[in-house]
Amino acid sequence: MTTIDDLPIRDELRGQSPYGAPQLDVPVQLNTNENPYPLPEALVARIAERVAEAARHLNRYPDRDAVELRTELAAYLTRTTGHPVGRAQVWAANGSNEVLQQLLQTFGGPGRTALGFEPSYSMHALISRGTGTGWISGPRNEDFTVDLDAAVATIAERRPHVVFVCSPNNPTGTAVEADTVLALYEAAQAARPSLVIVDEAYVEFSHRASLLPLLEGRPNLVVSRTMSKAFGAAGLRLGYLAADAAVVDAVQLVRLPYHLSAVTQATALACLEHTDTLLGYVERLKAERDRLVDALRGLGLEVTDSDANFIQFGRFADTHAVWQAILDRGVLVRDNGVPGWLRVTAGTPAENDAFLDAVRFVIKEL
Ligand code: PMP
(Lines give C-alpha, C1' and ligand atoms only; values in the text may rest on other atoms or scores of the structure.)
Protein backbone atom coordinates (compact mmCIF):
# COMPACT_ATOMS: atom_id res chain seq x y z
CA MET A 1 0.00 0.00 0.00
CA THR A 2 1.27 3.48 -0.83
CA THR A 3 1.85 5.73 2.19
CA ILE A 4 2.63 9.45 2.44
CA ASP A 5 6.29 8.52 2.89
CA ASP A 6 6.33 7.03 -0.63
CA LEU A 7 5.09 10.27 -2.19
CA PRO A 8 7.33 13.11 -3.37
CA ILE A 9 5.93 15.58 -0.81
CA ARG A 10 7.83 18.66 0.41
CA ASP A 11 10.65 17.70 2.78
CA GLU A 12 9.43 19.95 5.60
CA LEU A 13 6.06 18.14 5.65
CA ARG A 14 7.66 14.73 6.21
CA GLY A 15 6.84 13.28 9.61
CA GLN A 16 4.35 16.07 10.45
CA SER A 17 0.85 15.32 11.81
CA PRO A 18 -2.29 17.05 10.52
CA TYR A 19 -4.52 19.12 12.84
CA GLY A 20 -6.67 16.48 14.46
CA ALA A 21 -9.00 17.31 17.33
CA PRO A 22 -10.94 14.04 17.76
CA GLN A 23 -14.52 14.26 16.41
CA LEU A 24 -16.10 11.51 18.51
CA ASP A 25 -19.80 10.77 18.75
CA VAL A 26 -20.28 11.15 22.51
CA PRO A 27 -23.20 12.73 24.41
CA VAL A 28 -21.29 15.78 25.71
CA GLN A 29 -18.78 17.38 23.35
CA LEU A 30 -16.77 20.07 25.09
CA ASN A 31 -13.52 19.76 23.15
CA THR A 32 -13.38 22.26 20.28
CA ASN A 33 -14.52 25.53 21.86
CA GLU A 34 -17.70 25.58 19.83
CA ASN A 35 -20.77 27.47 20.95
CA PRO A 36 -23.28 24.89 22.29
CA TYR A 37 -26.34 26.89 21.28
CA PRO A 38 -27.80 26.13 17.84
CA LEU A 39 -28.71 29.22 15.83
CA PRO A 40 -32.22 30.49 16.73
CA GLU A 41 -35.04 29.45 14.38
CA ALA A 42 -35.68 33.04 13.24
CA LEU A 43 -32.08 33.23 12.08
CA VAL A 44 -32.26 29.82 10.40
CA ALA A 45 -35.27 31.13 8.43
CA ARG A 46 -33.41 34.32 7.50
CA ILE A 47 -30.40 32.29 6.32
CA ALA A 48 -32.75 30.23 4.13
CA GLU A 49 -34.17 33.43 2.63
CA ARG A 50 -30.79 35.02 2.00
CA VAL A 51 -29.31 31.80 0.59
CA ALA A 52 -32.32 31.34 -1.71
CA GLU A 53 -31.69 34.82 -3.08
CA ALA A 54 -28.00 34.02 -3.55
CA ALA A 55 -28.94 30.74 -5.26
CA ARG A 56 -30.74 32.69 -7.98
CA HIS A 57 -27.35 34.05 -9.02
CA LEU A 58 -25.14 31.01 -8.51
CA ASN A 59 -24.45 30.83 -12.24
CA ARG A 60 -22.26 33.90 -11.59
CA TYR A 61 -19.12 34.15 -9.47
CA PRO A 62 -19.68 35.75 -6.05
CA ASP A 63 -18.68 39.31 -5.14
CA ARG A 64 -14.91 38.82 -5.14
CA ASP A 65 -14.41 41.68 -2.70
CA ALA A 66 -17.31 40.71 -0.39
CA VAL A 67 -18.18 44.39 -0.12
CA GLU A 68 -21.53 44.12 1.70
CA LEU A 69 -20.17 41.57 4.16
CA ARG A 70 -17.03 43.57 4.93
CA THR A 71 -19.18 46.68 5.44
CA GLU A 72 -21.33 44.85 8.00
CA LEU A 73 -18.31 43.30 9.75
CA ALA A 74 -16.74 46.77 10.00
CA ALA A 75 -20.00 48.10 11.49
CA TYR A 76 -20.02 45.25 14.03
CA LEU A 77 -16.42 45.99 15.09
CA THR A 78 -17.08 49.72 15.33
CA ARG A 79 -20.22 49.19 17.38
CA THR A 80 -18.71 46.69 19.83
CA THR A 81 -15.28 48.25 20.33
CA GLY A 82 -16.03 51.97 19.92
CA HIS A 83 -13.09 52.13 17.53
CA PRO A 84 -14.15 53.28 14.07
CA VAL A 85 -13.30 50.71 11.40
CA GLY A 86 -14.27 51.01 7.74
CA ARG A 87 -14.82 48.42 5.04
CA ALA A 88 -11.39 49.10 3.55
CA GLN A 89 -9.77 47.97 6.81
CA VAL A 90 -11.62 44.66 6.97
CA TRP A 91 -10.98 41.44 5.05
CA ALA A 92 -12.86 38.13 5.28
CA ALA A 93 -12.09 34.51 4.40
CA ASN A 94 -13.18 30.94 5.08
CA GLY A 95 -12.53 30.82 8.81
CA SER A 96 -9.83 32.78 10.57
CA ASN A 97 -7.52 29.89 9.73
CA GLU A 98 -7.70 31.01 6.10
CA VAL A 99 -7.18 34.63 7.15
CA LEU A 100 -4.02 33.55 8.99
CA GLN A 101 -2.90 31.47 6.02
CA GLN A 102 -3.31 34.43 3.67
CA LEU A 103 -1.33 36.62 6.08
CA LEU A 104 1.49 34.09 6.23
CA GLN A 105 1.48 33.65 2.46
CA THR A 106 1.86 37.41 2.20
CA PHE A 107 4.20 38.26 5.09
CA GLY A 108 5.89 34.89 5.80
CA GLY A 109 7.01 32.19 3.39
CA PRO A 110 10.31 30.50 2.53
CA GLY A 111 13.33 32.16 4.14
CA ARG A 112 11.10 33.95 6.66
CA THR A 113 10.08 33.11 10.24
CA ALA A 114 7.07 33.46 12.54
CA LEU A 115 7.17 33.58 16.34
CA GLY A 116 4.45 32.49 18.75
CA PHE A 117 4.38 32.07 22.54
CA GLU A 118 3.56 28.47 23.39
CA PRO A 119 1.45 26.73 24.49
CA SER A 120 -0.85 28.50 22.06
CA TYR A 121 -3.17 27.72 19.16
CA SER A 122 -1.44 24.87 17.35
CA MET A 123 -2.50 26.10 13.91
CA HIS A 124 -0.23 29.14 14.18
CA ALA A 125 2.75 26.78 13.91
CA LEU A 126 1.04 24.43 11.44
CA ILE A 127 -0.02 27.21 9.04
CA SER A 128 3.48 28.67 9.30
CA ARG A 129 5.01 25.35 8.31
CA GLY A 130 2.40 24.84 5.59
CA THR A 131 3.37 28.16 4.03
CA GLY A 132 7.10 27.40 4.26
CA THR A 133 7.56 29.87 7.11
CA GLY A 134 10.08 28.84 9.79
CA TRP A 135 8.50 28.51 13.25
CA ILE A 136 10.03 29.96 16.42
CA SER A 137 8.52 28.83 19.73
CA GLY A 138 8.67 31.65 22.28
CA PRO A 139 8.37 31.38 26.07
CA ARG A 140 5.56 31.94 28.57
CA ASN A 141 5.63 32.39 32.33
CA GLU A 142 4.59 29.60 34.74
CA ASP A 143 1.11 31.18 34.93
CA PHE A 144 0.91 31.16 31.08
CA THR A 145 1.14 34.93 30.69
CA VAL A 146 3.61 36.12 28.05
CA ASP A 147 7.11 36.46 29.54
CA LEU A 148 7.68 39.94 28.17
CA ASP A 149 11.42 40.25 28.91
CA ALA A 150 12.14 36.88 27.36
CA ALA A 151 9.80 37.65 24.43
CA VAL A 152 11.50 40.97 23.68
CA ALA A 153 14.90 39.27 23.89
CA THR A 154 13.74 36.50 21.51
CA ILE A 155 12.40 39.09 19.04
CA ALA A 156 15.67 41.06 19.15
CA GLU A 157 17.76 37.93 18.65
CA ARG A 158 15.67 36.03 16.09
CA ARG A 159 14.13 38.99 14.22
CA PRO A 160 10.93 37.16 13.12
CA HIS A 161 8.92 38.45 10.15
CA VAL A 162 5.60 37.64 11.84
CA VAL A 163 4.71 37.63 15.56
CA PHE A 164 1.56 35.90 16.84
CA VAL A 165 -0.16 37.14 19.98
CA CYS A 166 -3.22 35.09 20.89
CA SER A 167 -5.59 36.95 23.22
CA PRO A 168 -7.43 35.29 24.88
CA ASN A 169 -4.92 32.51 24.35
CA ASN A 170 -5.98 29.03 23.32
CA PRO A 171 -5.61 26.62 25.18
CA THR A 172 -4.87 28.52 28.40
CA GLY A 173 -7.63 31.19 28.28
CA THR A 174 -5.10 33.90 29.18
CA ALA A 175 -5.75 37.45 27.96
CA VAL A 176 -2.81 39.65 27.00
CA GLU A 177 -2.54 43.19 28.37
CA ALA A 178 -2.57 46.04 25.85
CA ASP A 179 0.76 47.26 27.25
CA THR A 180 2.32 43.87 26.53
CA VAL A 181 1.10 43.93 22.93
CA LEU A 182 2.47 47.47 22.52
CA ALA A 183 5.86 46.41 23.89
CA LEU A 184 5.93 43.38 21.57
CA TYR A 185 4.96 45.57 18.61
CA GLU A 186 7.72 48.08 19.40
CA ALA A 187 10.28 45.30 19.80
CA ALA A 188 9.16 43.66 16.55
CA GLN A 189 9.38 46.94 14.62
CA ALA A 190 12.81 47.68 16.10
CA ALA A 191 14.14 44.27 15.00
CA ARG A 192 12.80 44.69 11.44
CA PRO A 193 9.47 45.89 10.07
CA SER A 194 7.42 42.79 10.91
CA LEU A 195 3.74 41.92 11.08
CA VAL A 196 2.17 41.44 14.53
CA ILE A 197 -1.02 39.39 14.44
CA VAL A 198 -3.35 39.56 17.44
CA ASP A 199 -5.61 36.51 17.24
CA GLU A 200 -8.84 37.56 18.98
CA ALA A 201 -10.92 34.48 18.10
CA TYR A 202 -12.38 34.43 21.64
CA VAL A 203 -12.38 38.12 22.53
CA GLU A 204 -16.18 38.41 22.87
CA PHE A 205 -15.92 36.13 25.93
CA SER A 206 -13.23 38.23 27.58
CA HIS A 207 -13.47 40.29 30.76
CA ARG A 208 -11.29 42.81 28.92
CA ALA A 209 -11.77 45.08 25.96
CA SER A 210 -10.65 44.19 22.44
CA LEU A 211 -7.16 45.29 21.40
CA LEU A 212 -8.61 46.68 18.17
CA PRO A 213 -8.02 50.37 19.13
CA LEU A 214 -4.27 49.61 19.06
CA LEU A 215 -4.54 49.50 15.24
CA GLU A 216 -4.50 53.30 15.19
CA GLY A 217 -1.19 54.45 13.73
CA ARG A 218 0.24 50.89 13.61
CA PRO A 219 0.17 49.71 9.98
CA ASN A 220 1.97 46.45 10.81
CA LEU A 221 -0.63 45.32 13.37
CA VAL A 222 -3.50 43.00 12.48
CA VAL A 223 -6.43 41.80 14.60
CA SER A 224 -8.01 38.54 13.45
CA ARG A 225 -11.52 37.48 14.43
CA THR A 226 -13.99 34.71 13.69
CA MET A 227 -17.72 33.98 13.57
CA SER A 228 -17.00 30.40 14.74
CA LYS A 229 -17.22 31.12 18.47
CA ALA A 230 -19.26 34.12 19.69
CA PHE A 231 -21.56 34.00 16.64
CA GLY A 232 -22.09 30.28 17.15
CA ALA A 233 -21.37 29.61 13.48
CA ALA A 234 -18.34 27.27 13.37
CA GLY A 235 -19.95 25.39 10.47
CA LEU A 236 -20.20 28.57 8.41
CA ARG A 237 -16.42 29.04 8.09
CA LEU A 238 -16.14 32.79 8.30
CA GLY A 239 -13.15 34.61 9.72
CA TYR A 240 -12.05 38.18 9.24
CA LEU A 241 -9.34 40.66 10.06
CA ALA A 242 -9.07 44.36 10.78
CA ALA A 243 -5.90 46.23 9.92
CA ASP A 244 -4.57 49.15 7.96
CA ALA A 245 -6.18 49.23 4.50
CA ALA A 246 -2.73 48.54 3.02
CA VAL A 247 -2.69 45.11 4.73
CA VAL A 248 -6.06 44.34 3.13
CA ASP A 249 -4.57 45.36 -0.24
CA ALA A 250 -1.55 43.14 0.43
CA VAL A 251 -3.53 39.94 1.07
CA GLN A 252 -5.25 40.42 -2.31
CA LEU A 253 -1.93 39.30 -3.80
CA VAL A 254 -2.40 35.75 -2.48
CA ARG A 255 -6.16 35.22 -2.01
CA LEU A 256 -7.76 32.89 -4.51
CA PRO A 257 -10.22 34.66 -6.78
CA TYR A 258 -13.81 34.28 -5.52
CA HIS A 259 -12.59 32.45 -2.39
CA LEU A 260 -15.70 33.35 -0.38
CA SER A 261 -18.76 31.67 -1.88
CA ALA A 262 -22.01 33.58 -2.41
CA VAL A 263 -23.68 31.10 -0.02
CA THR A 264 -21.11 31.86 2.69
CA GLN A 265 -21.48 35.61 2.22
CA ALA A 266 -25.30 35.41 2.36
CA THR A 267 -25.23 33.23 5.49
CA ALA A 268 -22.75 35.45 7.30
CA LEU A 269 -24.83 38.53 6.48
CA ALA A 270 -27.93 36.85 7.93
CA CYS A 271 -26.00 36.01 11.13
CA LEU A 272 -24.82 39.61 11.44
CA GLU A 273 -28.46 40.77 11.30
CA HIS A 274 -29.00 38.71 14.49
CA THR A 275 -25.90 39.90 16.33
CA ASP A 276 -27.76 41.01 19.46
CA THR A 277 -29.43 37.63 20.00
CA LEU A 278 -26.17 35.78 19.41
CA LEU A 279 -24.25 38.03 21.80
CA GLY A 280 -26.95 37.23 24.38
CA TYR A 281 -25.76 33.60 24.26
CA VAL A 282 -22.23 34.87 24.84
CA GLU A 283 -23.36 36.41 28.15
CA ARG A 284 -24.84 33.07 29.22
CA LEU A 285 -21.63 31.28 28.29
CA LYS A 286 -19.51 33.76 30.23
CA ALA A 287 -21.63 33.11 33.32
CA GLU A 288 -21.29 29.34 32.80
CA ARG A 289 -17.54 29.71 32.28
CA ASP A 290 -17.25 31.53 35.61
CA ARG A 291 -19.42 28.91 37.31
CA LEU A 292 -17.15 26.14 35.97
CA VAL A 293 -14.02 27.95 37.15
CA ASP A 294 -15.44 28.25 40.67
CA ALA A 295 -16.69 24.67 40.73
CA LEU A 296 -13.38 23.20 39.55
CA ARG A 297 -11.45 25.29 42.08
CA GLY A 298 -13.96 24.15 44.70
CA LEU A 299 -12.99 20.58 43.86
CA GLY A 300 -9.38 21.44 44.67
CA LEU A 301 -8.20 21.57 41.05
CA GLU A 302 -5.95 24.22 39.58
CA VAL A 303 -7.63 26.44 37.00
CA THR A 304 -5.92 29.03 34.82
CA ASP A 305 -7.79 32.37 34.83
CA SER A 306 -9.96 32.33 31.72
CA ASP A 307 -11.06 35.13 29.41
CA ALA A 308 -12.42 32.67 26.86
CA ASN A 309 -15.30 30.20 26.46
CA PHE A 310 -13.03 27.40 27.68
CA ILE A 311 -11.00 26.62 30.76
CA GLN A 312 -7.63 25.00 31.32
CA PHE A 313 -7.68 22.80 34.41
CA GLY A 314 -5.26 20.39 36.11
CA ARG A 315 -2.86 19.40 37.20
CA PHE A 316 -2.72 15.72 36.63
CA ALA A 317 0.19 13.30 36.80
CA ASP A 318 -1.28 11.22 33.97
CA THR A 319 -3.18 13.75 31.86
CA HIS A 320 -4.17 11.32 29.17
CA ALA A 321 -5.59 8.82 31.68
CA VAL A 322 -7.79 11.56 33.19
CA TRP A 323 -8.91 12.62 29.69
CA GLN A 324 -9.86 8.99 28.96
CA ALA A 325 -11.64 8.55 32.29
CA ILE A 326 -13.75 11.69 31.66
CA LEU A 327 -14.47 10.39 28.15
CA ASP A 328 -15.56 7.05 29.64
CA ARG A 329 -18.23 9.07 31.52
CA GLY A 330 -19.52 10.37 28.14
CA VAL A 331 -17.78 13.77 28.17
CA LEU A 332 -15.21 14.72 25.56
CA VAL A 333 -12.68 17.37 26.67
CA ARG A 334 -9.37 18.28 25.04
CA ASP A 335 -5.88 17.09 25.74
CA ASN A 336 -3.81 19.76 24.00
CA GLY A 337 -0.55 18.12 24.96
CA VAL A 338 0.20 20.68 27.69
CA PRO A 339 1.71 18.44 30.40
CA GLY A 340 -0.59 18.22 33.42
CA TRP A 341 -3.45 20.21 31.95
CA LEU A 342 -6.73 19.56 30.12
CA ARG A 343 -9.11 22.02 28.47
CA VAL A 344 -12.90 22.08 28.65
CA THR A 345 -15.25 24.26 26.60
CA ALA A 346 -18.13 25.92 28.46
CA GLY A 347 -21.32 24.26 27.21
CA THR A 348 -24.97 24.49 28.20
CA PRO A 349 -25.72 24.32 31.96
CA ALA A 350 -26.73 20.65 31.58
CA GLU A 351 -23.53 19.78 29.66
CA ASN A 352 -21.43 21.56 32.25
CA ASP A 353 -23.17 19.67 35.05
CA ALA A 354 -22.45 16.40 33.26
CA PHE A 355 -18.81 17.45 32.95
CA LEU A 356 -18.56 18.39 36.64
CA ASP A 357 -20.16 15.07 37.65
CA ALA A 358 -17.61 13.24 35.52
CA VAL A 359 -14.71 15.19 37.06
CA ARG A 360 -15.99 14.59 40.61
CA PHE A 361 -16.14 10.87 39.89
CA VAL A 362 -12.74 10.73 38.21
CA ILE A 363 -10.77 12.68 40.81
CA LYS A 364 -12.17 10.43 43.57
CA GLU A 365 -10.51 7.54 41.76
CA LEU A 366 -7.12 9.29 41.38
N1 PMP B 1 -7.67 31.17 16.38
C2 PMP B 1 -7.82 30.50 17.51
C3 PMP B 1 -7.09 30.97 18.73
C4 PMP B 1 -8.63 29.36 17.56
O5 PMP B 1 -8.76 28.66 18.69
C6 PMP B 1 -9.32 28.95 16.39
C7 PMP B 1 -10.24 27.76 16.34
N8 PMP B 1 -10.11 26.81 17.26
C9 PMP B 1 -9.11 29.70 15.23
C10 PMP B 1 -8.29 30.80 15.26
C11 PMP B 1 -9.69 29.30 13.92
O12 PMP B 1 -11.04 29.36 13.90
P13 PMP B 1 -11.87 29.43 12.54
O14 PMP B 1 -10.98 28.99 11.41
O15 PMP B 1 -13.01 28.53 12.79
O16 PMP B 1 -12.24 30.87 12.42
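Predicted model: local features only at pLDDT ≥ 70, side-chain atom pairs only at ≥ 80, totals over all residues.
Glu-49 sits in helix H1. Between Glu-49 and Ser-167 there are 118 residues of separation in sequence, and their C-alpha atoms are 35 Å apart in space.

Two packed helices are described by the angle between their axes and the distance between the axes. For helix H1 (residues 41-55) and helix H8 (residues 262-273), the axes come within 8 Å and cross at roughly 145°. The crossing of H1 past H8 is right-handed. On the H1 side, the contact is made by Leu-43, Arg-46, Ile-47, Arg-50, Val-51, Glu-53 and Ala-54. H8 contributes Ala-262, Val-263, Ala-266, Thr-267, Leu-269, Ala-270, Cys-271 and Glu-273. Sorted by class, the residues of this contact are 10 nonpolar, one polar and four charged.

The chain is divided into domain 1, made of 21-40 + 276-365, and domain 2, which covers 51-273. The centres of domain 1 and domain 2, taken over C-alpha atoms, are separated by 26 Å. The contact between them takes 25 residues from domain 1 and 22 residues from domain 2. On the side of domain 1 that touches domain 2, the elements that give two or more residues are helix H9 (275-298) and strand E10 (310-314). H9 gives the most to that side, with seven residues. The side of domain 1 that touches domain 2 has 11 nonpolar, seven polar and seven charged residues.

The model also has a ligand. There are 13 residues around the ligand, and those that come nearest are Gly-95, Ser-96, Ala-201, Thr-226 and Ser-228. Helix H3 (residues 95-107) provides the largest share of this shell, three residues. By class, the shell holds four nonpolar, eight polar and one charged residues.

Some details of the backbone remain. Most residues other than glycine have a negative phi, and most peptide bonds are trans. Where does the chain depart from this? One place is the peptide bond from Asn-170 to Pro-171, which is cis, with omega near 15°. Pro-171 lies in the loop between strand E5 (162-166) and helix H6 (178-191). Another cis peptide bond joins Gly-314 and Arg-315, with omega at about -15°. Arg-315 is found in the loop between E10 and helix H10 (319-328).

Phi of Asn-33 is near 55°, although the residue is not a glycine. Asn-33 belongs to the loop between strand E1 (28-29) and H1. Is Asn-33 buried or exposed? Asn-33 is buried, because 22 other C-beta atoms lie within 10 Å. Phe-144, also not a glycine, has a positive phi of about 75°. The loop that holds Phe-144 runs between strand E4 (134-138) and helix H5 (148-158). With 21 C-beta neighbours inside 10 Å, Phe-144 counts as buried.

Terms used. Residues numbered from 1 in each chain as written. Near = placed C-beta within 6 Å. Helix = DSSP H or I, 4+ residues; strand = E, 2+ residues; numbered from the N terminus. Nonpolar A, V, L, I, M, F, W, Y, C, P; charged D, E, K, R; others polar. Axes fitted to C-alpha atoms, helices over the stretch in contact; angles between N-to-C directions. Left-handed = near helix turned anticlockwise from the far one by under 90°. Contact = placed C-beta atoms within 7 Å. Domains from an automatic or database assignment. Buried ≥ 20, exposed ≤ 12 C-beta atoms within 10 Å, placed from the backbone.
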